[in-house]
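Thanks for asking me to look this one over. My notes follow as numbered points, so please keep the model open while you read.

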Amino acid sequence: MRLCNHHRIHLISDEIYAMTIYKTPHNTTALPFTSVLAINNTADLIDPTLLHVIYGMSKDFSCNGLRAGVLLSPGNPTLLKSLKSVALFAWPASVTDLYWTTLLNDREFLDGYLEENSRRLGEAYMRLTGFLKEQGVAWVEGSNSGFYLWADFRAVLGDAIVVRDGGDGKGEEKEEVVEAMTVERPSQVYRTSRKAKERDDWFYGKLMEKKVYVASGDAFFAEEHGWYRISFSVPMDVLDIGLRRLGEVLGEVRAEGGGKAG
């Protein structure tokens with residue numbers, strides 16, 4: 001906040017996952033969510049006109065199709081007035097308006113829903129991580145919010161081949177074997193080679209054959225191939241089917257000696 005205040009930069013806090021908090025044995029020390037607007041004495045840290053919060057209903061309430069979002073800027077009425085002048089062109093549909101008004105005014109249902117949603121997310125997270133551990137797949141641990149898990153399949157697919165670069169884009173390309181879960185190499189810039197990309201495409205094809213979708217790191221600009229984003233916010237029976245199919249794919253990968261292309 002002090003940095004933004006010093007340079008007169010607007011700080012926009014995206015709190016769309018605010019209520020998707022869950023507890024598991026893996027994250028007992030994780031901090032609960034706190035909105036930036038709930039922090040005391042922010043006026044001592046940043047000009048209130050520079051502090052804003054955005055929120056939408058699609059994540060916490062699993063309603064991507066019912067588009068509704070808000071901008072909170074209590075310290076900048078001029079900004080809010082300006083936005084109201086164009087809000088006419090972005091009004092939500094009347095059915096969406098009615099749905100959210102009814103839901104948000106039903107405190108008993110709302111409290112029960114958020115508690116149950118948190119419980120189910122925690123259970124699904126544990127089911128997924130238990131499966132990954134059995135399969136020898138590493139993941140980024142410690143999460144306590146959201147619907148996704150960042151998993152590293154390189155140990156299963158085979159050695160990850162990358163191109164090492166000095167950082168200026170002009171270094172001599174050199175193939176190197178990178179160990180699984182290599183996440184801290186601040187002195188080097190890594191660019192994945194064509195072979196590793198082909199290996200991921202091969203693995204993705206296997207997934208599609210079994211009709212299970214796991215999002216490739218390519219879609220999220222992952223620094224290295226072999227990383228995938230797995231969504232677990234689905235009914236448990238659906239999750240179990242997906243994990244069974246994923247297990248079948250990994251079994252085929254191992255039977256074929258890994259997914260290295262070429």
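Predicted model: local features only at pLDDT ≥ 70, side-chain atom pairs only at ≥ 80, totals over all residues.

1. A word on burial comes first: a residue is buried at under 20% relative accessible area, exposed at over 50%, and partly exposed in between, using a 1.4 Å probe and protein chains only. Residues are numbered from 1 along each chain as its sequence is written, and side-chain values use heavy atoms, with hydrogens and water left out.

2. On the overall make-up, the protein chain has 7 helices and 10 strands; these are DSSP runs (helices H or I, at least four residues; strands E, at least two), numbered from the N terminus. Taking contact as heavy atoms within 4.5 Å, 71% of the contacts between residues at least 6 apart in sequence join residues at least 24 apart.

3. Have a look at the open sheet of 3 strands, ordered S1-S2-S3 with mixed pairing. Strands count as paired if DSSP finds at least two bridges between them. Strand S1 (11–14) and strand S3 (69–72) are the edges, each pairing on one side only. Neighbouring strands here are turned by 20 degrees against each other on average, direction ignored; the axes are lines fitted to C-alpha atoms, and angles run from 0 to 180 degrees between N-to-C directions.

4. How do S1 and S2 pair? They run in the parallel sense, over 4 bridges, with strand S2 spanning residues 51–56. Leu11 stands opposite Leu51 in S2, and Ser13 stands opposite Val53. In a regular strand, side chains alternate between the two faces of the sheet. In S1, Leu11 and Ser13 make up the covered face, while Ile12 and Asp14 make up the uncovered one.

5. The aromatic residues deserve a visit, as the structure holds 16 aromatic pairs. Rings of Phe, Tyr and Trp (its six-membered ring) pair if their centres lie within 6.5 Å; planes under 30 degrees apart are stacked, over 60 edge-to-face, and the rest tilted. Tyr125 and Phe232 are an edge-to-face pair because their planes stand at 70 degrees, with the centres 5.9 Å apart. Tyr125 sits in helix H4 (residues 107–135) and Phe232 in the loop between strand S10 (227–231) and helix H7 (236–255), so the pair ties together parts 107 residues apart in sequence. Both Tyr125 and Phe232 are buried.

6. Trp150 and Trp227 form a stacked pair, 5.9 Å centre to centre with 20 degrees between the planes. This pair links strand S5 (residues 148–152), which holds Trp150, to strand S10, which holds Trp227, 77 residues apart. Is each Trp buried or partly exposed? Trp150 counts as partly exposed because its relative accessibility is 28%, whereas Trp227, at 5%, counts as buried.

7. Two further spots are worth a click. Ring pairs join Phe61, Tyr99, Trp100, Phe109 and Tyr113 into a cluster. Elsewhere, the charged end of Arg229 sits over the ring of Tyr148, 3.6 Å from its centre; the criterion is NZ of Lys or CZ of Arg within 6 Å of the ring centre and within 35 degrees of the ring normal.

8. Lastly, Thr96 belongs to helix H3 (residues 94–104). Thr96 is buried, with a relative accessible area of 4%. Leaving aside residues up to four places away in sequence, Thr96 touches Leu66, Arg67 and Ala68.
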